[in-house]
Each structure stands twice: as C-alpha cells, then as structure tokens.
2 protein chains.
Amino acid sequence: MRIVVVGGVAGGMSAAARARRLAEDAEIVVLERGEFVSFANCGLPYHVSDEIPRRDSLLVQTPESLRAALNLDVRTGHEVVAIDRDARTVTAVHTTPAGVQETVLPYDALVLAPGAATVRPPIAGLDLPQVHTMRTVPDADGLRAVLADGARSAVVLGAGFIGLEVAEALRTRGLEVDLVDLAPHVLPPLDDELASLLDAELRAHGVRTHVGVAAEAIHATGPVAAEGESTEPEGADRPAAVEVRLSDGTALSADLVVLSVGVRPDSHLAASIGLELAAGGAIVVDGQQRTSDPHIWAVGDATAVRNAVTGAVGPVPLAGPANRQGRRAADAILGRVTPEREARGVLGTAVVRVFGLTAAMTGASQRALQQAGIAHHVVHVHPGHHAGYFPGAEQLHLTMSFAPDGRLLGAQAVGRAGADKRIDVLATALAAGMTVDDVAELELAYAPPYGSAKDPVNMAGFVAQNVLDGTLALWYPADLEKVLDSALVLDVRSRGEFASGHLPGALNVPHTELRDRLDEVRAAADGRPVRVHCASGFRSYLAHRVLVQAGMDSANLSGGMLTLRAARPDLELVRA
Amino acid sequence: MRIVVVGGVAGGMSAAARARRLAEDAEIVVLERGEFVSFANCGLPYHVSDEIPRRDSLLVQTPESLRAALNLDVRTGHEVVAIDRDARTVTAVHTTPAGVQETVLPYDALVLAPGAATVRPPIAGLDLPQVHTMRTVPDADGLRAVLADGARSAVVLGAGFIGLEVAEALRTRGLEVDLVDLAPHVLPPLDDELASLLDAELRAHGVRTHVGVAAEAIHATGPVAAEGESTEPEGADRPAAVEVRLSDGTALSADLVVLSVGVRPDSHLAASIGLELAAGGAIVVDGQQRTSDPHIWAVGDATAVRNAVTGAVGPVPLAGPANRQGRRAADAILGRVTPEREARGVLGTAVVRVFGLTAAMTGASQRALQQAGIAHHVVHVHPGHHAGYFPGAEQLHLTMSFAPDGRLLGAQAVGRAGADKRIDVLATALAAGMTVDDVAELELAYAPPYGSAKDPVNMAGFVAQNVLDGTLALWYPADLEKVLDSALVLDVRSRGEFASGHLPGALNVPHTELRDRLDEVRAAADGRPVRVHCASGFRSYLAHRVLVQAGMDSANLSGGMLTLRAARPDLELVRA
C-alpha cells in the first residue's frame, strides 16, 4: 500500500507518523513544498522576539530523523501541481541544480494537508519587500534579518492571535509598533469587555492600537535593504521605509509591515480536482476525514469542521485539531476508526499571551451566539486566580455563556495567571455537554497556591445557577443608557470607592448599611426600578437579594464596575 | 424561621451565608466553639512558613463583618453540648468573665458542621507540650511561638497533605525536619511511582523522610519553654526537647513534634442524639445533606460521602466539597434543591505543593482500584508542561487509570508546573463520565507558553486508546523480576543513555536502528518474549510497533525508565 501525504507540518506529519505506527509495510511518502517539515510554526513569533533564540529549536524533525525513526520518505521542496483521481496519481515538481523535475507518484490513499494561506486584502502596496508575513521559518528568518539590520518601527496589520504575538515580539525587540485591525477591538473573537483589557495591556507596553480602521495603502518612502546589507543613511536620521495609510486618514511610518489579517484554506489543489468544498473554500470531510473522493482524505487548516456550539461549518485553523485529524486520517485509511473515534464538533479553544496577560476562550463568543441566533445568558466574575489570602493572587476576568436550559455554550478568560487553566476546564465541560449545575459542582484541585475552595469556575457556575433559578437578575453594560435614563442606580460600594468615580445620579449606600437604609432607597427610586452594582458584582448580589426580598424591582450589574469599565473604556465617571 | 448552624468555618459558614441570601427574614445563628469563624484553615501552614506573614490575612470574616454584610448572629466560643431532637433545641455553653453560661436555642432547621478532629494514635507522650497539631489559628500561633523561641528541629508525624505542608513550612523556617509515615511512601493516596518523586524533592530540600515505620513513643529530654520565655541554655548546646522513638529503632531528637496522621469526623454530638452514622463515624446524609432526622442537615468533614469511582462511603475532608455542601444544605432547608442540584459522588480531587513540586490527583488511585476490585488499566506519560521548544518546559509525570470499557477512573500528576491544570481537566472529564476516546479528543488551549498541540492530557488519551485497541501492550515496574527472568529486555535508547545505566542483560538497539537489526533482536530473544523500553515510553512504542508487526511477542514498559526508576528507587543499574 502506498500512502501519499501532501503537506508535512502538523496534520500531514501526524497522519504519516501514525500510518507508519499502524502499518510497517506501507510505503509512505510525504511531499512538502516548503524547505522544512514538522516545524514549530506556533513558535515562530517567539523566535522573532528572541525568546526562542535558536532557530534549530523550531525544527522539531527533519526528513532524515523521520526516515530513521519512522521509515518515512519525506521530500521537501516538492510542490504537488496535479492530482489524477482516476489514475490515482499525484504529480509533484521540485527544483534541482539540473532544473525543474517532475515526479508522478501513484497512491492507494492520498492525504491532503495543504494548510492555510495568508489572506491578502486589496491594499495597495502589499507586494512591497517591506511587507512580511508570519507563517513559515523563512518568514521568521526574514523578520529577524530586518531586525538585525536595524529596523526601528513596524505596522502590524491584523490583531488576531498571530498579529498580537508578532506585535509583542517586535515591541520586545525594541521597535515602535502600531497594531491595526478592522474589527472594533483587538482579538476579534474575544468578547468586547475582555478585549479592552488586552488593549490596555498593549498600550501599557507601548504598542499603539488602531481598531475599527482599515489599512488602505502602503507606500515606499525609503530605500530597501537587501538581506545582510546595511541601509544608508544609518541611525535615527534614516527615513522610515514605508508609510501605511489608514481609512481614518492616519498615516503610519514604519520600517516594516507584517500582514496578519487572517488565513484562508489553501484548497486550490482540492478545488482543481473537483473535491467538494464548503463555503469559504474549506475541503469538506466526513467523520473519518474522508473527502468526497473515497481515496482522498484531508486534514488541518484547509478542511471544514463543524462548530460544536453554533453548528457553523468552516475552517478552524488550530494546531490541536489538525494533529488529531492527521491521526484520525491514518486510522481511517487503515480501517481503525470506530464510531467513538470519529471527528466531533470543534470548540475553537484558543489562548494567546499578550505581554503579562493571557487571553483564552472556548466555545462560542457572545457575538457568535448573537449571530447564530442562539438564546443565551452570560455571567461575568472577577475572582482571584488562587486564594486571596495567599500572596500573588491575580484577578481573573471570566465570562461564561449558557443556554436557558443551563447547557454551557462558551467561556472566555483574561488574567495574569490561571486563565488557561479555567478555560481548559470549561472546554472539557463544554465537550461533555455539561450544564451550569455540573460546572457549579466541579471538584477542582484546591490548595492555596493553586485555587480557591470555590474555584473561579465554580463561582461562574453558582452565578449562572442563580440567574437560571431567578435568585439573581442581571443588567449589562449594553443597558447602561436605559438604566441611567429610567432607573435608580444604587452603588453599594464603600464611600471611598464611590468618591473615586461613580455613575451620574447614582445613590451610594454601602452594602453593609442597606438593611437600615431601605426606606431611603425606596424614596430615591420613587417607583423606578433599582439597578444595583458594586466593583465586581458580589456585594451588589447581596444587596440585590435584600432589595428583591423587600419587594423592589432590582437587577445587579453583571461583573460590576470592572466589567462596565472594560466594556466602556471611554465612560466618564463622576468624581467627588 | 430560625436556622441554627453548629460550626462556623467552611461548610457551616457557607450554609449560613447562602441561607441569608435566600431568606432575608430568617433568624440565622452560627455557634462556633473556637475563637474564629470562617478562617482560612488551608492557609495555616503558609502562615507558619511566613509565606503569609500577617495572621490577619487568615481571618477572612469576623462576627462583626458577617453581621454587617449578612445579618448573621455569629457566636464564637459557643460549644454545643446537647441537642434535643423532640423539642428542637440546642444547648450551648460559653465562658464569660462571670463564669460558664448556658444558652438554649430553639431551631426550625439545624445544620451540623462540626468538622474533623485530629486522629490521636496510641503513641506514648502525645500529651507533651512539645506536641502540636495544625488545625486552627491557635495551633498556628503556637507553632510560630516555638519557632520565634528558637526551635531548631521538628519531627512531623504523618506525611499526608497537611504533614507535607507543615514539613515544608518548618524546613523553610530553617529547622531540621524528620517526616515520618506508617505507609510505604509519603502522601499515601498518591501512586507509588509518583510519591517517590515527592520523596526525592523532600530529601533534596533537606527533609529526612522515614516511611513504613510507626512512631512508638515521645519522651521529653529537655526543658519546655513557656510562651515568650527563652529556654536555657541557649544556642546549639541546648538539648533537644524530645526524643521520638520509631518502630525500626530509630530515635529522633527534636524541639517539637507535629501530629498530622489524619483526621476523623467529629461526630460525637450527632452520635449522642442517635443520628445515623456510617462506618468510621461520619454522619450519613442524603442528596440534600439531610441526616436521618428530617430537621437536621449536616455538611463538611464530619459527613459521609460516596466516592464517585469506587462507590465507597466515608468522610472526605476537603474544603471544596464542604463549601458546596453548605450551600446545598441552605438550598435544601429553603426548598431550593432540584434533582440536578443534589449531591453527587466525590472524586477526592486534591493538590499539594512540596517545595518546587506539585502533586495533584483526582478519582481513584491505583491502590484504591485494586482494593475495590475494579478492573483497570493504567498508563504513564512524561511530557513537557508546554511545548518543548519553548523555554522553561518542565517535565510532567502523569498517570491515568481507566476501565476496560474506556471509562476514566482516576488520574494523578507530579511536576514543577502544569500538574494542577491537567488534573483539573481530568477531574472535569471524570465528573462527566468521559472515556479515553473523549480525553484523546479534548480541545485544550494551546500556544507555546501554555501547552502543546498534543496536550499531556491528550497524550495520555492516545496511549490509553492504543492500549484498549491492542496497538500497544504494556509491561509495568511490578513485572520487572519476571521480565528479567524470562524475557529479552530490549533497550532502544541511544548508546550514550544505555551506557549511563541500563537493566542487567538488556540488549541495546537504538530505535532508529531497529528495522535493520531485527534479526539480531530475534536471535537474542531466542524464543523469549521481547520487553522493550526507552526513557519515557515513546521511542519504545515506535519500536514495539515494529516488533509486533515483525511477528514478535512484544510489550512496552509503561512510562519507560522514568517510571521504573521512580517505582523502584533502589534499583541498581548496570553502567558501562
């Protein structure tokens, strides 16, 4: 049996390695158009930042090591240019000193793992040599070369995962960095009220963010250095190499541009042979990674997957799913996939480090739920990542969305520690179809250095239970104008907190005084509903319970002022 | 309605606070025999170590703060001495300047949260003033006082969670520390092959461990200092205060002893009124925390819970479950417990820091599974806690047990980073009834600083899948003698690794050479089975697949030499 794998990075190489472990006698050929296989593409930004100083660290395997350990026939520099489905052959070309050579390889099973390609929006000047991408080892080499050559400033187009990592890397290397995104905030898949925390962290580290604006054109304004050659004039007087014009009229000068506005499935080969594609061009596969051709499987960023929460079908370019898809494709080719091991919906669990902050997410964002028309509630909590009395507790900002029947739909977290852990727990809960009751009862490892007896995940579950059973009614930052207009805002923080900044027209009654001052609140409300809040939502929850049991129409601001101020960073508070 | 809560720490205070949030008009009285309520008992060892320098940090709430925020009537120093079930009254005594006063309080609902008491084994001398326990704020005060008074050495009896934390704390304060446990290894609930890693860490930090031995007697050998008064003579010449004699004849000299051999339910009050108790004395409760008396609920360390994996019923003294039980008792009293919110089986998820190491566990240990007669497999993996190419990757040691039908049964992890996260994920998987197929497919947050595209949890799942479908056969450290006796040990590590220490009689064929040297292996086996291994089990897995597909009887050492050497710390290897 001959298995041919097209693409030798995450999904493709997983397929080839697993196939060898299952079938010692198969002939397994991996055709990779690039120079490298099985490299650590997720590590590239950290090589640019010099956090991973040695380039070798990224080259996890070589064709030689894969031959030695797994008897794989790995051919780099081989681009597949044609597939003959009837004859079951692939045609690959590669360049040798003697010229371009063509190889025709028959296959019994073909695995397509072509990955994704950088989206190139219609921006004039994208072909300038100062415009870089960040997908491959040569991309990282190129960026390191211009840094070594003295680049002082960069514009990063796109503030998604890669864009954030690249912006951090370049800033860490001392460059002036402007980060641009068309979306209303950085890291578009993140909920607004968490993304603003990342924005503040970026700005605190000197990255200038520009959101809700498009890059329109890039013009060369200075000379380009050839690699290894110094540009004249040197030093601070040297003009920046390019100017990037934004849709709001801003002109950004920089020595280089990194284009990271997203990727699209690189499915041109699959399209050329008529394989079924989903909207957006991703290759359609079944639960065994098989395409519409029974002899062809596909894995990784080029394939369409079903979102486990929204049911949306499309590409989800993540390394974890790609690796498991590769493993599954090999199992399928070799007849080893039981129904239990077929592909499942994807949650899109992801995490990114932005200087000192971590942002992590799983399942559907609030925006995705709104767009999919899925009824949901959301709760916001801000607990410490471990016991508050233990030194070094860092505040977590955790949102959790769930259906009216209690089923978990998504969760996101931002914080300086422990965010990835809580999202991994909630990703597991989501995969299991857990409800908020299940989440409230989760028994997580607790000792003071690691968590709390009521873990942040449990806390989110408790709040969600209270919402569903009516113990707690919430209001949200989106309701602010209506609340200011037609309700009494009751601020139950301390007098000092109130004085440091409060909502216009708010009445301050510290939660410890509320029982004695109910008449005063009732008089101030004068028939209007009471909308209560504190800093994080806990003291005001206590107040809310007092108010509703006193017969008042009350609701509590979800996540308190922490969430409100993050959702409305420009909100002006009254100081007195 | 009057709710009386007996015991004002974790479970009791959770019940009182939740009851108030649900019932503004209830009268809620908390009777606590100690001086403090709602204190951070899990933080006590870190106050002894001075990691939490301020004692106030541990006092999370006071009667005054609970009155102000929650209108609770909290009475410290009140010991309940009698309960009249027919009259529905409790009698409490407390000492005032005017003498002992008695209060009789009627109740509509009574919540018992008496907690646990230190087990006091029959060791002569336990009543000496140099013998301390570690359960309360005064206990911590007492230890800090003897440290301030110049104590130089300690014997800690019991190497469970608290014993380990106390040993670490005292060593951190500069004392000579001997740590004694009757069990064959420290942290008895941990699997042997992980516990030895903790033992090594303790020894590396200068704690002398003594396992498999009992303390038999404690004798005073020096003067006892009164608090705040210095003992004469001072300094290094001062004789140690006590001698602890062990069952192996060892005599340990020390200035103080900490007794931490475990706790038992403090259910004497429940017993005195005839409430149903489980074996071991824990109070029997139903899914709503109700005892055999319909007007009495019980929560926390004194209650019996069902182990979710083994079905065993008994006390599980952990803060997380206690808090949730308290919340549930209040819900039950106020008619708010739906079937979905009834008590579930407990997993016993726990974690402890031992100097630089973390040990965490969930579900049943291998020993618990054996004792319960539950058929199971176990796998061992040793992946990095994040991507290996990213700086600072720390090796995790992860074991996972599962039933022949794939259902997860337990997991444990030891490592310098990331152990708590993986056990939290697996605790969630366990709570959901997940199988190893589910675990293999978990979609966890990956970026190089946080994990790997194939997370350690996924890796354990992959290995388990391979075991269940026959792709992988394992052998274990317990099989070593039989293997050495009747099989060919095939060591597929590199020549250098082999030379640095290998099993007697092992044949070294690096895994990259195996395909070319199969005849040599076959000849050496000479009809015997081949038992292959490498350092961690991965290279030897590749070798195992080659061997079985070449028709040989092969099995791979689970977890490789890392697991074998941890399971057999005294194993002598051949160096050449």
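Visitor: Two strands pair if DSSP finds at least two bridges between them. So in what order do the 5 strands of the open sheet in chain B come?

Guide: The order is β26-β30-β29-β27-β28, with parallel pairing. Strands here are DSSP runs of E, at least two residues long, and helices are runs of H or I, at least four, both numbered from the N terminus.

Visitor: Which strands sit at the edges?

Guide: β26 (474–475) and β28 (507–508) of chain B, each of which pairs on one side only. This is a predicted model, in which local features need pLDDT of at least 70 and side-chain atom pairs 80 or more, while totals for chains, interfaces and linings use all residues. Residues are numbered from 1 along each chain as written, chains are lettered from A and ligands numbered from 1 in the order written, and side-chain values use heavy atoms, leaving out hydrogens and water.

Visitor: How many bridges join β27 and β28 of chain B?

Guide: 2 bridges, in the parallel sense; β27 covers residues 488–491. B:L490 stands opposite B:L507 in β28(B).

Visitor: What holds paired strands together, in general?

Guide: Strands of a sheet pair through backbone hydrogen bonds, either parallel or antiparallel.

Visitor: Which helix lies across β27, β28 and β29 of chain B?

Guide: Helix α15 (residues 518–525) of chain B, running at about 150 degrees to β27(B). Axes are lines fitted to C-alpha atoms, for helices over the stretch in contact, and angles run from 0 to 180 degrees between N-to-C directions. Contact means heavy atoms within 4.5 Å.

Visitor: New topic. How many residues does each chain put into the contact?

Guide: Chain B gives 86 residues and chain A gives 86. About 7,500 Å² is buried between them, with carbon and sulfur atoms giving 53%. Buried area is the accessible area (1.4 Å probe) that two parts lose on being put together, summed over both.

Visitor: Which residues of chain B lose the most area to chain A?

Guide: B:R324, B:Y389 and B:E443, together 11% of what that side buries.

Visitor: How many salt bridges cross the interface?

Guide: The rule finds 18. A salt bridge is a side-chain nitrogen of Lys or Arg within 4 Å of a carboxyl oxygen of Asp or Glu. A:D420 forms one with B:K421, where the closest N and O atoms are 2.7 Å apart.

Visitor: Which helix of chain B gives the largest share of the side that touches chain A?

Guide: Helix α10 (residues 419–431) of chain B, with 8 residues.
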